Amino acid sequence: MGRTSSTKEDAGALFHSLRSAYAATPVNLKIIDLYVGFAIFTALIQVVYMAMVGSFPFNSFLSGVLSCVGTAVLAGKSNFLSPLFAKDLPPERAFADFVLCNLVLHLVIMNFLG
Amino acid sequence: MARRLAGFLVLLLVVSICEAAFLFQPISDSHRSAALELFTPDHGSFKSLEETYEALRTFQILGIEKKPDLTATACRSISETVGSSSSTAKDLFYALKANSIAECKIDKKASKGIISRLNAAVSGASSLLDFYYSVGGLVLIKDQSSEADVHLADAEGVFRSVKAFSQSDGRWRYSSSNPESSAFAAGIALETLAGIVSLASSEIDQSLISTLKNDIIKLFDSIEKYDDGALYFDDKLVDGHEYQGPLSTTSSVLRGLTAFAAVTAENLNLPGDTMLGLAKFFLGICVPGDAKDFFNQIDSLACLESNRVSIPLILSFPSTVLSLTRKDSLKVGVSTVLGSEVPSLTVKLVGAFSSGSKDASLVESQELNFDKASGLHILNDLPKSIDVGSYTFVFEVVLHEPEHEEVYFMGSQTKVPISVTGLIKVENSEIAVLDSDLGSIESQKKLDLAGKNAISLSANHLQKLRLSFQLTTPHGRSFKPHQAFLKLRHESKVEHIFVVGNSGKQFEIVLNFLGLVEKFFYLSGKYDMELTIGDAAMENSLLVAIGHIELDLPEAPEKAPRPPPQPVDPYSRYGPKAEITHIFRAPEKRPPQELSLAFLGLTILPLLGFLIGLLRLGVNLKNFPTKPVPATFAVLFHVGIGAVLLLYVFFWVKLDLFQTLKLLGFLGVFLVFVGHRILSHLAAASAKLKSA
């Protein structure tokens, strides 16, 4: 009884510490986190829709889901890069990279959309 | 179009008649109607004087009435050619040839002009054809105009010039520069030389004419032969342009030969059957389909009809199939190649041989009676030794006046295939079922093979079926037909055919069912019987249903062969087949439109969530450059990104990949340039901030 409660307390303490640590992260990274979350959520909604109505235009489904996932990945890449390699790569460079890769991704997605 | 079709049908009919290999028909009305079909002028006149002449000459020989409008147009073109000063010797030649038949008047002045022009052509001639046209023209104008005096200057010189083209094998060349020689050219040369002799016979040395005789003999050594006795000339095919074909070549040689024979008193020692062989060649063509071939054939036959070498006579038969039932008599006609009358002669039947047998003749030599009314020689009663079957009859022709033998030629013997048909008596026909071992008759019925039969028999596999009958010819001899079959057909349409053998007159077949059980596939039941007796010489060939027999055969063992499947209706495989309905892939079920629109809205939700989140985070645009230059770049950067996204939308809606990529290229370059500027500006600004 005591052990479970301690576990629960530990879990609660862990959760709180995460929250406070997160609040301390810079706003830039929070924006990027929010963007990734938005992209993943859009992908999830598309998957739910496909589960409901069947995968008939499968290429459209794939392109939709992959565009969301792709852009999330690119954003995550920029996110990952900036604090660790900030000295080598300026954030503007990372942003330009992000924009360019996104444009290429979206061209491919639009072609595949059909 | 209808006339042409009718003419074609006439030709087809005549060609089908002319199938007999050894029989040659003289010229008849079928030729005349074919001539009228072939020689139809285009819009009233022929293409050239040569064709006009050919048409007129053909009509003249066949005795077809001259059409006045044809003669009128011919006269017009003749006078045109004659009057024109630019006509060549060839044109004049054909104009005069046509005029010899059309008989248009040529005035004195024109004839004088022609003569002078032709004389000039003779002196200026260098090739064989030049000599041919000019000398030929002079010969023609001499016949046609009575006043003018036609004189050939230096006849012997011209003769020698033409003779110079000859070769040792009897053929002639066309000119001294052309080494090719042909028999066709030889014919032309002979005609030319005959023309020279007729124009100035006193001036030419007789020895020259004698050497020409030798040339002719050498030329005739190269004659070729068909199996049926036809003789012809053919040149080797060296150059396609010059090659004339056997018909043209042979008729050219014949024209030359007869022209030469007409002007010389000497005897050309050609073998007697040469002219007959040539006649067989021309008659064997029947009715040619081409106007030029037709002219060549008819003109050559006219040369053969009246020439000084020898006139061939041919035998013709109205019918080569004689029926004993109708008591047909054998009729033979003798005529010249154009169908004209012949001097009195007798036709003798010297022998008759059964086809394919080398035995002695079945008849003795006898003469045929000449019937003045029909002009045919008739053998009234066929000898009793000639029964139903096919034979080869051998005929000989004997002329009554001995001097005619110099003029006419009739081959030594003519062999003709004759078929004799008759009614075959079918007698003593009976059918019986026998017991196998003892041979005793169980049931026997008489058949009437001429009438209807409905015999009903039954047998089991231990018994035999015997069918017998006798065949007798009208003269009482035994007869073996080509077909004597007995057919048994089961109810399930399975058929079996047996050949009925014979010994002498008696035909008999015995079917031993014990041995035939396996062949019949162990099928018991009712079998229909059918007898076929047939032959080409039998006028009453028969195919009769005799009746039926109930066969009781044992059960089929396991491994017995099955009967072959019988087609229900042999033509059913040609009927319409089952209709194929094409099943298309069913289209996918689409979701209802409302659901789709609802989810469209749902997808927008995360975007809104993102924007709200951004606001909550305290996003601001403070870092947006205020100075004008960087500001424009910043604006342009965002505009550029927006433009690319808009381009993507257009790409999805309307554009194709290549157009998109092209535009993307321009926008991309622009964007990279602008983006670089603004971002480097921002980077510099933040670096300044960091260092500061």
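**Exercise 1. Determine the secondary-structure content and the end-to-end C-alpha distance of residues 631-651 of chain B.**

Solution. Step 1: the model is predicted, so local features need pLDDT of at least 70 and side-chain atom pairs count only at pLDDT 80 or more, while totals for chains, interfaces and linings use all residues. Residues are numbered from 1 along each chain as its sequence is written, chains are lettered from A and ligands numbered from 1 in the order in which they are written, and side-chain values use heavy atoms, with hydrogens and water left out.

Step 2: residues 631-651 of chain B are 100% helix and 0% strand, and their end C-alpha atoms lie 30 Å apart. Helices (H or I, at least four residues) and strands (E, at least two) are DSSP runs, numbered from the N terminus.

Step 3: UniProt, in an unreviewed entry, annotates a "transmembrane region" at residues 595-619, 631-651 and 663-684 of chain B; such annotations may be inferred rather than shown by experiment. Residues 663-684 of chain B are 100% helix and 0% strand, with end C-alpha atoms 31 Å apart.

**Exercise 2. State the strand order of the open five-stranded sheet in chain B.**

Solution. Step 1: two strands pair if DSSP finds at least two bridges between them. The order is β16-β15-β18-β22-β21 of chain B, with antiparallel pairing.

Step 2: β16 (441-446) and β21 (501-503) of chain B are the edge strands, each pairing on one side only. On average, neighbouring strands of this sheet are turned by 25° against each other, direction ignored; the axes are lines fitted to C-alpha atoms, and angles run from 0 to 180 degrees between N-to-C directions.

Step 3: five bridges connect β15 (residues 425-435) of chain B to β16(B) in the antiparallel sense. B:Glu430 stands opposite B:Lys446 in β16(B).

**Exercise 3. Identify the cysteines that form a disulfide, and classify each as buried or exposed.**

Solution. Step 1: a disulfide is a pair of cysteine sulfur atoms within 2.5 Å, and the count over all chains is one.

Step 2: the pair is B:Cys75 and B:Cys104, with sulfur atoms 1.7 Å apart. B:Cys75 lies in helix α4 (residues 68-83) of chain B and B:Cys104 in the loop between α5 (89-102) and α6 (108-123) of chain B, 29 residues apart. The link of B:Cys75 and B:Cys104 is left-handed, at -90° about the S-S bond.

Step 3: buried means under 20% relative accessible area, exposed over 50%, and partly exposed in between (1.4 Å probe, protein chains only). B:Cys75 has 21% relative accessibility and therefore counts as partly exposed, whereas B:Cys104, at 14%, counts as buried.
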